[in-house]
Amino acid sequence: MTDLGPLIPRNRAIHPEPYDPGYKTSVTRSPNLPLLSLESGPSEETGPAFGHGLIGALDNNLILNWTQGAAPAVGERILLHGRVLDENARPVRNTLVEIWQANAGGRYRHKKDSYFAPLDPNFGGCGRTLTDDEGRYEFLTIRPGAYPWPNRGNDWRPMHIHVSVFGHSFGQRLITQVYFEGDPLIAHCPIAATIKSRAQLDRLVAPLDLAHSRPQDYLAYKFDIVLRGRRQSMFENKLEGM
Amino acid sequence: MVQKLDILQETPSQTAGPYVHIGLMPSYTGNGQIFAQEVGVSPIEEGAEGEIIEIVGSVFDGTGWALRDALIESWQPDAKGRFAGQEGADPKVSGLCRFAADATSGEFTLRTIKPGAVRNRAGVMQAPHISLWIVSRGINIGLSTRIYFDDEDNSADPLLGRIEQSPRVETLIAKTEAPGRYRFNIRLQGTDETVFLDL
């Protein structure tokens, strides 16, 4: 294996604040003490590889995968697509992207979700895919509904899809959420507000992408993802065996 | 105007939320019909070389309550210290495991093999360890830490050596409960707070 260099340290200023009283659960679940920083090593620079044999034909089609194609889910049909790049703007190929979401009414298929909007018998709410050689991925799904959550007296999550990406090294591991262009709830959401810069938060907002929508079938939204890159310098020695 | 840096910024993190299992461990939520094969079910296959071990524990919040909705991923090399994909790595060790706190008790179990030692970039041998990544409701960016073992020599480990307050080193060391069985509790905040990493 070629040594691609250590991971570029995370710029934590662009990430959410771990302790944010507006998001009440974070108050008791955020460390008080500073993180320990160190240069990355093999434990962080290696990571799992996933074979194409893992992925079933409908795994990235949330409209059909719960019923294995027998009946489609109800809701606004959308294509969520984009590219996974690293900080050096290189495509991250053949990497696992996983998503999960509520149904069109804002209800999750999870025993702890007691919101009275009904489950859709034809919608499960999770999907996965591997990126192609250009780092591209796509999902066919329905646009999730907003839903209320017990935080402050009247908090509602904006429409969102959870996204999980592996990259090629365990130190790149990232989970985030995609919001939708024009949703007025984004500005009121304490979870979105854990990101302190509106410019950074806007990087999680997927624009409507009419050029990639399919007439008479589905609308498209674009969401590009950037993972940590590697620092490579001609001055730095290569490790034996890495 | 100075020159532009040709570097992109990492996508900001958001919490995995309370329903993370829907996406990452569907069968945990009873939604197992969705995929033929799930990711990270076990880090080892039958016949993996090395000592089979079990690590049990809980993730505690700042009040001492064990989280019921935490999801953890572990990443480790094989018994000889080689990661999946490296030359000579044990093909029966994928190295990745996804496991969750039990919805009733808050306890997790990781069944794996004891990892071999791996050198860091400077060529210094590190003590055997398993890397962890913890996500849940209320955790806005995944927390990284490591599990070391109380029956190994950890005295020269370069990461543990960087921890200024030596009592805090103990927060990264799994304690033997029985042969092949360790306890590793994670404390997110407060007394005996686990050392979390930025690397």
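**View 1. Strand pairing between chain A and chain B in the predicted model.** A:Leu36 has B:Leu197 as its bridge partner, in strand 10 of chain B. Strand 1 of chain A, residues 36–37, runs parallel to strand 10 of chain B. Two bridges join these strands.

**View 2. Salt bridge between A:Arg12 and B:Asp198.** The closest N and O atoms of A:Arg12 and B:Asp198 are 3.0 Å apart. Across the interface of chain B and chain A, eight salt bridges are found. Polar contacts across this interface link 45 residue pairs, with both residues at pLDDT 80 or more.

**View 3. Elements on the side of chain B that touches chain A.** Those that give two or more residues are helix 1 (20–24), strand 2 (71–75), strand 3 (96–100), strand 5 (130–135), strand 6 (143–149) and strand 10 (197–198). Helix 1 of chain B gives the most, with five residues. By residue class, the side of chain B that touches chain A comprises 32 nonpolar, 25 polar and 16 charged residues.

**View 4. Area buried between chain B and chain A.** Contacts involve 73 residues of chain B and 90 residues of chain A. About 7,400 Å² is buried between the two chains, and carbon and sulfur atoms give 56% of this area. B:Glu10, B:Gln14 and B:Arg121 supply 13% of the area that chain B buries against chain A, more than any other three residues.

Note on methods. Residues numbered from 1 in each chain as written. Chains lettered and ligands numbered in written order. Predicted model: local features only at pLDDT ≥ 70, side-chain atom pairs only at ≥ 80, totals over all residues. Heavy atoms only, no water. Contact = heavy atoms within 4.5 Å. Buried area = accessible area lost by both parts, 1.4 Å probe. Salt bridge = Lys/Arg side-chain N within 4 Å of Asp/Glu carboxyl O. Polar contact = N/O pair within 3.5 Å; in protein donor to acceptor, adjacent residues only side chain to side chain. Helix = DSSP H or I, 4+ residues; strand = E, 2+ residues; numbered from the N terminus. Nonpolar A, V, L, I, M, F, W, Y, C, P; charged D, E, K, R; others polar. Pairing = 2+ DSSP bridges.
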